[in-house]
Amino acid sequence: MAHGRPTKRRDMFPAAFILPPLVWQASFFITPLVFLVWMSFWRVKNFRLTRDFVTANWERIYNAGFFYDAYVHTFTLATVNALVVSVLAFPAAYFLAFRAGPKVRQLAIVFLVTPFFTSYLVRIYSLQIILAEHGIINSALGLVGLGPITMLSTSFATVVGFLTLTLPLVILVQLLALSQVDKRLMEAASNLGVPPFEAVFKVVIPSAKVGLIMAGTFGFLLSFGDYVSPLFLGGSKPPTLSILIADQVKSGNNWPRASVVAVTMVVTLVAVLLLMTSLAYAKRGKK
Amino acid sequence: MSEPILTLDAVEKRYGADVAVERIDLAIDKREFIVLMGPSGCGKTTTLRILAGLETPTAGEVRLWGRPINDVPPWQREMPMVWQSYALFPFLDVRRNVEFGLKQRGGMSAGERRKKALEWLDRLGIAHMEKRGIHQLSGGQRQRVALARALALEPEVLLLDEPLSALDAHLRIRMQGELSRLHSELGITFVYVTHAQSEAFALADRVVIMSEGRVQQIGAPREIYRAPASRFVADFIGASNVVGGTVVEEKDGTVVLETPVGRLEATGSRAKGAAGALSIPADWIAVEPAGEATDGTAVEGRLVTEDFTGAVVTLYVELHDGSQFFVQKQQHEIERLSLKRGTRVRLSWPLEHATILPE
């Protein structure tokens, strides 16, 4: 409430810091988002976008079975990736945080950032070669009289793609989280009878809870919106939401319907982020 | 004498070329309150960590009831520690922190654990805070939780690493009293590390003075105070004036040293011609107006400054060679002398309290 404020003095100093990101967010995130929502009420006449205000796009998409299938499929894959990537990343992050020397740790951080220098698309193509029917894995299996196993154009391949996308980042975020763990607490636990392996679950994970949850959330967010992996590795069987967006645009120039899917995705991401944040910062309940 | 509960036998700890503990021999008796004291870097904390199993000695043996425990990992030692930083688990509330060790040991139902934790919290006067988070506690309260967490395991030996140094002076005195009370009530062995002499002397049955990875002296506080075993201890305790010199005479238990402040007598024996240092406790020195001749147990000088710390006054007297003596007196003893800065005074002491320090 404005009235009853003890002082009218306004400090402009914080504003100077907050303003640039605020302007950036407003012009490159909020504005397009508003535009996106607006466009979901437009119409397409003779393959041409027409300004309008109709709810037909929402009705059409939300009544389509393929949309729900795609939604569940996308959500499931992203969740599986978040869990798998968290579990795979943890031992590496743990080793780097607690066992490795500073030299090894620095080197590892460099190597974890390096994948972001190479095109994601190129990495996905190389995965195609590895996972294909006559690819590297199946050739190797053939040598010992096994296979071939169909991996390409399955959800398995999609998740492998998600993992190459998210694993380095999740390790980095976990490493940051684990670096904040007070090592004296680990000694205290040891002193109170906890063997090192148990200490991971009794001290390290509870101490680093916020960072670990946020790392997993990144794993979800990045894969939920990914288009490349489901298309080139998953063979869009079945399609994910991002593939659905592309299809709407490609077949019939239907930007409004694509917008409906996109808005749904943004709402989902924000909801997941809010949920995970409140989970991460949840205080022990006081009874 | 009964068998010691803990024995350190020629224990050594090196980190590459650096020596943290050079060689420690120490036997700790059951129910003893033993304090390891020394300047920072003297190896006292390393010694405590070796007892807890958090450091592995590079040589020597640690024994519990005569049984070597060098290879027993910390989580099997049952020697809980109270940490300088408290090291409480911020993700658990007060009661769960206290239950932590009990839960880990197993063999108790949740109800029993809870009851035991509350008993200890009650004993330390913070039972009403059982549901608080650690971040909601003050330093003194955290210290109590840390004590409760360690004591809930009902160990034979409690290790304490500078437990009071993060508290303010007032609280420190109170916790000191509390620790003393707990020790006598529980009848367990306390091994306590500190750099604060007041804590050590107030709490300890025996004090172990350490320097540069070695034990300098082990003894009851009074013993160390009255008869420092070396020049280092005398300087570290800071309760005596130490004067270096050369022995010029020796006869039946008394020596005469030639020092920069004159010829001084001391009890003890040392070969003629040897170097030696003489220690005179500051509170055994009598102050009078100058006039009478000085002899082997007296010097003359000029009063430079005085320091009041409550009832005790410390006088600093500059001697003719520029060195200083300090004298500690009760304030009422000084008042009648009505000393002014610059006054020449005569300092004298009984011969039996001037001792030659072992080299």
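View 1. Helices (H or I, at least four residues) and strands (E, at least two) are DSSP runs, numbered from the N terminus. After H5(B) comes B:Gly187, whose phi is positive, near 65°. The model is predicted: local features need pLDDT of at least 70, side-chain atom pairs count only at pLDDT 80 or more, and totals for chains, interfaces and linings use all residues. Residues are numbered from 1 along each chain as its sequence is written, while chains are lettered from A and ligands numbered from 1 in the order in which they are written.

**View 2. Helix H9 (residues 196-207) of chain A has a buried side.** A:Lys202, A:Val203, A:Val204 and A:Ser207 are buried. They lie on the same side of H9(A) because they cover an arc of only 155° around the axis, taken from the directions from the helix axis to the C-beta atoms. An α-helix has 3.6 residues a turn, so residues three or four places apart point the same way. On the other side of H9(A), A:Phe197 and A:Phe201 are exposed. A residue is buried if 20 or more other C-beta atoms lie within 10 Å of its own, exposed if 12 or fewer, and partly exposed in between, with C-beta atoms placed from the backbone. The cover over the buried residues includes helix H7 (155-179) and helix H8 (183-191) of chain A.

**View 3. Strand E19 (residues 344-348) of chain B has a covered and an uncovered face.** B:Val345 and B:Leu347 form the covered face, whereas B:Arg344, B:Arg346 and B:Ser348 form the uncovered one. E19(B) pairs with strand E15 (residues 286-289) of chain B in the antiparallel sense over four bridges; a pair requires at least two DSSP bridges. Here B:Pro289 stands opposite B:Val345. Strand E16 (residues 298-309) of chain B also runs antiparallel to E19(B), joined by five bridges, and B:Val299 stands opposite B:Leu347.

**View 4. Chain B and chain A are in contact.** The contact takes 18 residues from chain B and 15 residues from chain A, where contact requires C-beta atoms, placed from the backbone, to lie within 7 Å. Helix H2 (residues 94-105) of chain B gives the largest share of the side of chain B that touches chain A, four residues.

Definitions and conventions: Two residues are in contact if their C-beta atoms, placed from the backbone, lie within 7 Å.
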